Amino acid sequence: MVSSTTDSAPAPVYGLAALPSSTRILLTGDGATTVMLEALLEVPLRVRVVAQRVVDTTAVPPAVRRALAAERMPRLLERLSELVDPAGRPVSRNRVVSAVAATGQLPPPTDPTPLGVRLREERRAQHRELLRCGVGHAPEAPQFGRCAFKEYVIRSPDRYPVYVAERFNPAVVGVA
C-alpha cells in the first residue's frame, strides 16, 4: 500500500511486489490510467456515468477534502462512473470528486470520453499526484471483491483539482 500524502513528493510504494508487473505499473504510474488500460486490453474504453450529484463537503472523507483543499467549500461534485470495454464489461469503477464550480471541467455525464483522454485532447498541462494504491475491498465496487485500487489528484494550473479513486476489475487487472 502507498502511504497517504498530499505533498508534491511522490508517495513511497510498499507491498506491491506480489502483484503482476502490469498491475504494479498501472498502480504506480503517474500518467493517464485509461491509456495504460487500453494498451493492456488492446480495446478502446469509454465512460459510463452511474451517478452524479452535489454533496455536502462533510460527506466526503477528510483526506479527500484535504487533497482538494476543500475544507472551506460548502459543497462538492461527486461522480461515480465506470470505464467499460466495447462489450460493456466494467474495467474499473471510479469515484471522482471536485469543486462544484468544476462541473464544466468534467465531460458531461452523457459524454463517453474518459477524463484523462479529454484533458489530453485539450492539451491541458496536468500532473497526477498519487495518494494511495494497493489491493483491498472497495465499497464503491462490491462486485469486484478484493481488487487493485489507485487514488490520486489531477492538478492543472488553470483548473480546480480533481480527486479520482479507481477500483479495478480483478478479472482485468490481476491481484494474484
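A salt bridge is counted here when a side-chain nitrogen of Lys or Arg lies within 4 Å of a carboxyl oxygen of Asp or Glu. In this predicted model, Arg93 and Glu82 form such a pair, with their closest N and O atoms 3.0 Å apart. Arg93 belongs to strand 3 (residues 90-99) and Glu82 to strand 2, so the pair ties together parts that are eleven residues apart in sequence. Arg93 is buried, with a relative accessible area of 14%, and Glu82, at 5% relative accessibility, also counts as buried.

Glu82 has a further partner in Arg48, where the closest N and O atoms are 2.8 Å apart. Here the link spans distant parts of the chain, since Arg48 sits in strand 1 and Glu82 in strand 2 (residues 75-84), 34 residues apart. Arg48 counts as partly exposed, at 30% relative accessibility. Another salt bridge joins Asp85 to Arg89, with 3.0 Å between the closest N and O atoms. Of these two residues, Asp85 is buried at 9% relative accessible area, while Arg89 is partly exposed at 35%. Elsewhere, Arg132, Glu140, Glu151 and Arg167 are linked in a network of salt bridges. The count for the model comes to nine salt bridges.

Six strands form an open sheet in the order 1-2-3-6-5-4, with antiparallel pairing. Strand 1 (46-56) and strand 4 are its edges, each pairing on one side only. On average, neighbouring strands are turned by 15 degrees against each other, direction ignored. Strand 5 (residues 146-155) and strand 6 (residues 162-168) run antiparallel and are joined by six bridges; in one of them, Ile154 is partnered with Val162 of strand 6.

Next comes the nonpolar interior. In soluble globular proteins, nonpolar side chains tend to be buried together. The largest nonpolar core here has 16 residues, and those with the most contacts inside it are Leu27, Leu37, Ala148, Phe168 and Val173. Helix 1 (21-28) and strand 4 (127-137) each supply at least two residues of this core. Apart from it lies another core, of twelve residues, among them Val60, Ala67, Ala70 and Val97. Leaving aside residues up to four places away in sequence, Ala148 touches several residues, including Thr23, Leu27, Gly134, Phe168 and Val175.

The mean pLDDT of the protein is 85, and 91% of its residues reach 70 or more. Over residues 1-10, however, the pLDDT is below 50, although this stretch has 28 contacts in the model beyond near neighbours in sequence.

Methods
Residues are numbered from 1 along each chain as its sequence is written. This is a predicted model: local features need pLDDT of at least 70, side-chain atom pairs count only at pLDDT 80 or more; totals for chains, interfaces and linings use all residues. Side-chain values use heavy atoms; hydrogens and water are left out. A nonpolar core is a set of buried Ala, Val, Leu, Ile, Met, Phe, Trp, Tyr and Cys residues joined through side-chain atoms within 4.5 Å. Buried means under 20% relative accessible area, exposed over 50%, partly exposed in between (1.4 Å probe, protein chains only). Helices (H or I, at least four residues) and strands (E, at least two) are DSSP runs, numbered from the N terminus. Contact means heavy atoms within 4.5 Å. pLDDT is the predictor's confidence in each residue, from 0 to 100. Two strands pair if DSSP finds at least two bridges between them. Axes are lines fitted to C-alpha atoms, for helices over the stretch in contact, and angles run from 0 to 180 degrees between N-to-C directions.
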